[in-house]
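Here is a brief report on selected local features of one protein chain. Please keep the sequence and the model in view while reading.

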Amino acid sequence: MSKHPLEKWGGMVGNKGSRWVTVLLWIVVVAILSMTLPQINSIENYGGSDLPKEVMSEQANALIEEQFPSDSGIPLLIVWYKEAGLGHKDLQSIQELYKQLGEQPLHEQTSLPPIAALPTEALLGTVSNNGSSIVTPIFFDEKANTDTIKEGLQKIEEMTEETFGVNPYDTKLEESGLHARFSGPAGISVDATNLFMQADIKLLIATVILILVLLIVIYRSPLLAVTPLIVVGIAYGAISPLLGWFAENGWIDKDAQAVSIMTVLLFGAGTDYCLFLISRYREKLLVVENKFEALRLAMKESGGAIMMSALTVFIGLATLGLADYGAFQRFAVPFSFAIFVMGIAALTVLPAILSILGRIAFFPFVPRTERMERLRAEVKNKPYKEPKLKHLVMAKVGDYVTKKPWLVIIVTGIVLGGLAITSTQIKYNYDLLSSFPEDMPSREGFTLIAENFSPGELAPVQIIVDTKGEAVHLTDQIAALPYIDVVSEPTFGEKDSNIQLYEADLNENPYSTEAMDLIPDLKTDIEKMLEEAGIEQANKSYWIGGETAAQVDTKTVQERDESIIQPVMVIIIAILLLLYLRSVPATIYLVGTVLISFFAALGLGWLVLTTFFGAESIASALPLYSFVFLIALGEDYNIFMISEVWQNRKTQSIKEAVKNGVAQTGSVITSAGLILAGTFAVLTTLPIQLLVQFGIITAIGVLIDTFIVRPLLVPAITTVLGRWAFWPGNLFKKED
C-alpha cells in the first residue's frame, strides 16, 4: 500500500539524514538573503497619496501642480503659543530665528517667508484674534526624505534654544510661558516615522515574550515553547530581506503599518501552524515508539489542514491587492507573502527540528508509549501508572453540544446576532491625525491651530473652475454660502488663464465628518453657479480639492474596495472549502459562522473601545482590515476542527465523530487561539490608535472563534444536519 504524499514528505524533510540538511539549508538561505538584500525596515516608507488619480481631489491636486506651480516644497509649520498672549519680545525672537535660518539654511531647505524682514507690528497682524498663537512656515525640498527633515527639526530646536534661552518644543501646554510645536506635512511625517520605529522594536519584543510565556504556561515545556519561535524567526529571516528586495526594486511600496501588523500576523499564525503539527506529533509519540514514524504519521494527519489553513489565509489576504485604496494594496503582498513563506517553514523546518529533538522536545512531560512507560517503571523499580484521561473538559463540551445542539445554536445565535447588530452603530473617521496620540507634537500643533484660528484655516477647500472664456467671478457667491467662512480672490492659471483657483475656509473642522457632509453640497452649488454663468457642461468644469475633499474620496474608494474584496474573498474561501471537504452544506455554514463572528467582533470591539478607551469613532480602514484577517484566520480553526470530524466519521457515528473532533482538537485550538489573540492584543500597547483599535477588534474576533464558533456553533450545526453535513461527498453515503 503506497504511503500518503504528506507522509512521504514528512520522511523526506525529517528522516535521520535529511533533518539536518533541511535545517542547515534554511539557515544558509536566510544568511545569504540577509547579507545580500536590504531588510524591509531599512527601506524608506511610502509617502505618496492613497487615492487613485481618477478621483476628483487627486485631479484637483494635479491641476494645481500644473496651473499654479509652487517651488516652496514640503511645508513645516511651527506653531507658537502663549496663553497670556504673544508679546513683541516673543515675535522679535521668532524673527531672529528666521534671520538665522536665512543666513544658515538647513539641508534641503528651499524657502522661507520674509518674517525676519517684516516690521514686528506687521507680524503682529498675523497672530490669532485672541493674541495667543502664530504659525510660521519653513519649506523643504519635495525630494527631501524623512531623515533629512528630522535632522532639520533637531537643528531648529538647537537654534531656537540659543535664541530664546529655553526649549519651547519640550514643554507641556498647560504650563505658562511660550510653547512651540512642529506640525504640517513635514512635522507629521517625522512624528509618524518615530512612532513606527518605536512600534516595530516594541512590538517584536512584546510579541515574542508573550508567546514564550503563554507556551510555557500552557505546555510547561521550555524546549517546546522555544521551537515555534525558532521556526517563525527563521521564516522572518527570509521574509524581511525578500520584502526589502521587492520594495527596493519598486515592485511594492513599503508601508510601516503593514510591516508592524505583518510581524504580529507572522508570529501569531505561524505559532498556530506549528502547534497543529506539534500536538499531533505528541499524540503519535504516545502510540508509536519510533520518533521518525510518529513524525511521518503526524504530517499525514495534520499537514493537509496546515496547508489548507495557510492557503486560505494566503489567498484571503492577497485579495487586498484588488483594492484601489493605496494602503489596502500595500498590505496585500507583505501579509500574503509572509503566510506563504510561513506555511512552507511549518512543513519543512519544523518537522526537521521536531525530528532532531524527538521526545525531548516535550521535557519534562515526555510522551511515551504504554510499553515504554512500563519498561521505564520496571527499570526504576516503580509501579506502572495508568495514563490520565486526556481532553476531559473539551470532551464534556463535545458531549453537551451533540446532546443539545439546538439549544447551543439558539443561544450562540442570539449572542452573536445581538453583537453583530451593534456593529451598525459604529462611527468612522477618515483623517490621519486621529490615529496619533493626543500629545504627539504635530497633533498638538494642529489642535492649537484649530482652537485659536478659524476651523477652516486648518485645511482650506480648493475650488478650481474652468471658465472656458466666460467672464466668471465667484468670490462673492462662494462667500455667501452658509457653510463658508472666508474665500480668497481667484488666482489664474499660469498655462491657461481660464482656470481659476479659489481657496475657501469651511465653518467646520475640515477633518470632521460634518465638514465631509458639506462637500456634496459645495459641488452642487459650484455646478449651479457655473450653469448660471453660462458655462457648458458645468458638471465637468470644476474640481474640489483639499483635505476635506480627499477624505470624502477616501470614503468612496474604501466603500468600493469593501464591496469588491469582501465578496471575492468569501467566494474564494468557499471554493477552497468545497474542494477540500467536498460538502456544499459544510462550506455554507463554515463561511456563514465566520461571517457572523466577524460582525459580532466588530460590535463587541466598538463597545469595548467606547467604554474603556474613550473612542468616539474608529478608523475607516478597520472594517476591511479586520474582515480579511478574521475571515481567513477564523476559517483556520474551523478547518482544523472539521478535518478531525471528517476523519473520525470514516469509522464513527456522526455524533461520536463530532464529539471526539471537539475533544481531540480542543486543547490545541484553544491554545492557538489564546496565543493569536494575545499577539494581536499586543498592538494595544502601541501609541497609534489605528493599531490599538485593530488589535482589540481582531483579538476579540479570534477569541469568539476560539471559544464560541469552533467548539459550540459549528459542531452543533454539524450535529443537527447529520449525514447531510457531508453532502454530496462519500461520507454522505455512509450510514450510522
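## A cis proline between two helices

This is a predicted model. Pro364 sits in the loop that links helix H12 (349–357) to helix H13 (370–379). The peptide bond joining Phe363 and Pro364 is cis. Its omega is about 10°.

Pro728 belongs to the segment after helix H23 (689–721). The bond leading from Trp727 into Pro728 is cis, and omega there is near 0°.

Strand S6 covers residues 461–466 and is mostly covered: 6 of its 6 residues are buried. Its side chains split into two sets. Val461, Ile463 and Val465 point one way. Gln462, Ile464 and Asp466 point the other way. Both sets are buried, Gln462 and Asp466 included.

Which strands pair with S6? One is S9 (residues 499–506), which runs antiparallel to S6 over 6 bridges. Within this pairing, Asp466 has Ile499 as its bridge partner. Another is S10 (residues 542–545), also antiparallel to S6, over 4 bridges. Here Val465 stands opposite Tyr542.

## Helix H11

Helix H11 runs through residues 326–346.

Glu108 has a positive phi, near 70°, although the residue is not glycine. It lies in the loop between helix H4 (88–103) and strand S2 (109–111). Is Glu108 exposed or partly exposed? Its relative accessibility is 29%. Exposed would require over 50% and buried under 20%, so Glu108 counts as partly exposed.

Gln537 is another non-glycine residue with positive phi, here near 50°. Its place is the loop between helix H18 (513–532) and S10. S10 is the strand that pairs with S6. The relative accessibility of Gln537 is 52%. The cut-off for exposed is over 50%, so Gln537 counts as exposed.

Technical notes
Residues numbered from 1 in each chain as written. Predicted model: local features only at pLDDT ≥ 70, side-chain atom pairs only at ≥ 80, totals over all residues. Heavy atoms only, no water. Buried < 20%, exposed > 50% of the residue type's maximum accessible area, 1.4 Å probe, protein only. Pairing = 2+ DSSP bridges. Expected span 1.5 Å × (residues − 1).
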